[in-house]
Amino acid sequence: MTQAGKQLLLVANWKSHKTLDEAITFITTFPRIKTDHKVIICPPTLYLRPLAHIIEEKALSFLLGIQDVSPFPFGAYTGAITAQMIDNMADYAIVGHSERRRYFHETNDEIARKVKELLEVGMTPIICVDEPYLEAQLAFFTQQELGKSVIAYEPLAAIGSGAPDTPEHAQEIASRIHQLAEVEMPVLYGGSVTADSVKTFVRQPLISGVLVGGASLNVDSWAALVAAA
Ligand code: PGA
């Protein structure tokens, strides 16, 4: 059972999926599930403004996040979307996802700069890390930065594979993250989480939510997951 009073973060990472129409249909047809948890949708950045508008107009209980952000402030950085541009359209930002590291060659140094940019505008970074590099990856942040962030433990082999880590191992990693960071912050687990498995992760004392790709793309599977948490 989830610990009483533990407010979970249920984060949907839509990656490069969905047209704008599909995104709007998703949020407008999503059933109004009564939950005390934070349900955070991270759509493609281009859809933020229309989705934020609909969420406000219809008083939907979604929060919004972005999937990445520029490591730079305003300036001559062609193609980059800065944290300031997001303004108050989103509260959270995923940074350092393994797909960004792998396909866009992002470095820990760039990820650290992204975190600084986000914190400067009052957004909460969701920093993705993986087991083999925990110590090295966390070393790029100050204790104060980590204390204002969310950490997502995402084992590479579990992402999109249908083969999640075990909840017990995720709990061990969450404990290790707390030891290394020497500060309190929510730790999420991400990698092939579904409606069937979400509870097994969030019932672990140190797991404060999940970061979900595949199972967040469809209204029925995401609604089932939110209801199961
Ligand atoms: P998945 O993706 O749920 O499809 O494994 C998780 C993620 O990449 O954040």
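The charged end of R100 is placed over the ring of F104, at 3.8 Å from the ring centre. This arrangement belongs to a predicted model. Across the whole structure, a search returns six aromatic pairs.

**Aromatic pairs**

- A pair of aromatic rings is described by two quantities, the distance of the centres and the angle of the planes.
- W14 and F26 make an edge-to-face pair, with 4.8 Å from centre to centre and 70° between the planes.
- W14 belongs to the loop between β1 (9-13) and α1 (20-29), while F26 belongs to helix α1, so their pair ties together parts that are 12 residues apart in sequence.
- Both members of this pair, W14 and F26, are buried.
- F72 and Y77 form a stacked pair, for which the centres are 4.1 Å apart and the angle between the planes is 0°.
- F72 has a relative accessible area of 29% and is therefore partly exposed, the cut-offs for that class being 20% and 50%.
- Y77 is likewise partly exposed, because its relative accessibility is 34%.

**Ring cluster and a charge over a ring**

- W14, F26, F30 and F62 are linked into a cluster by ring pairs.
- W14 also has K18 over its face, at 5.0 Å from the ring centre.

**Strand β8**

- Strand β8 covers residues 209-212; G209 and L211 point one way from it, V210 and V212 point the other way, and all are buried.
- The pairing of β8 with β1 is parallel and extends over four bridges.
- Within β8, V212 is the bridge partner of A12.
- Strand β7 (residues 187-190) also runs parallel to β8, and two bridges join them.
- Here the bridge partner of G190 in β8 is L211.

- E106 is located in the loop between α4 (98-103) and α5 (108-120).
- Its relative accessibility is 10%, so E106 counts as buried, the limit for that class being under 20%.
- The side chains of E106 and R100 are joined by a polar contact of 2.9 Å.
- With neighbours within four places in sequence left aside, E106 is in contact with D68, G96, R100, R101, I111 and K114.

Notes
Residues numbered from 1 in each chain as written. Predicted model: local features only at pLDDT ≥ 70, side-chain atom pairs only at ≥ 80, totals over all residues. Heavy atoms only, no water. Phe/Tyr/Trp six-rings, centres within 6.5 Å; stacked < 30°, edge-to-face > 60°. Buried < 20%, exposed > 50% of the residue type's maximum accessible area, 1.4 Å probe, protein only. Lys NZ or Arg CZ within 6 Å of the ring centre and 35° of its normal. Pairing = 2+ DSSP bridges. Polar contact = N/O pair within 3.5 Å; in protein donor to acceptor, adjacent residues only side chain to side chain. Contact = heavy atoms within 4.5 Å.
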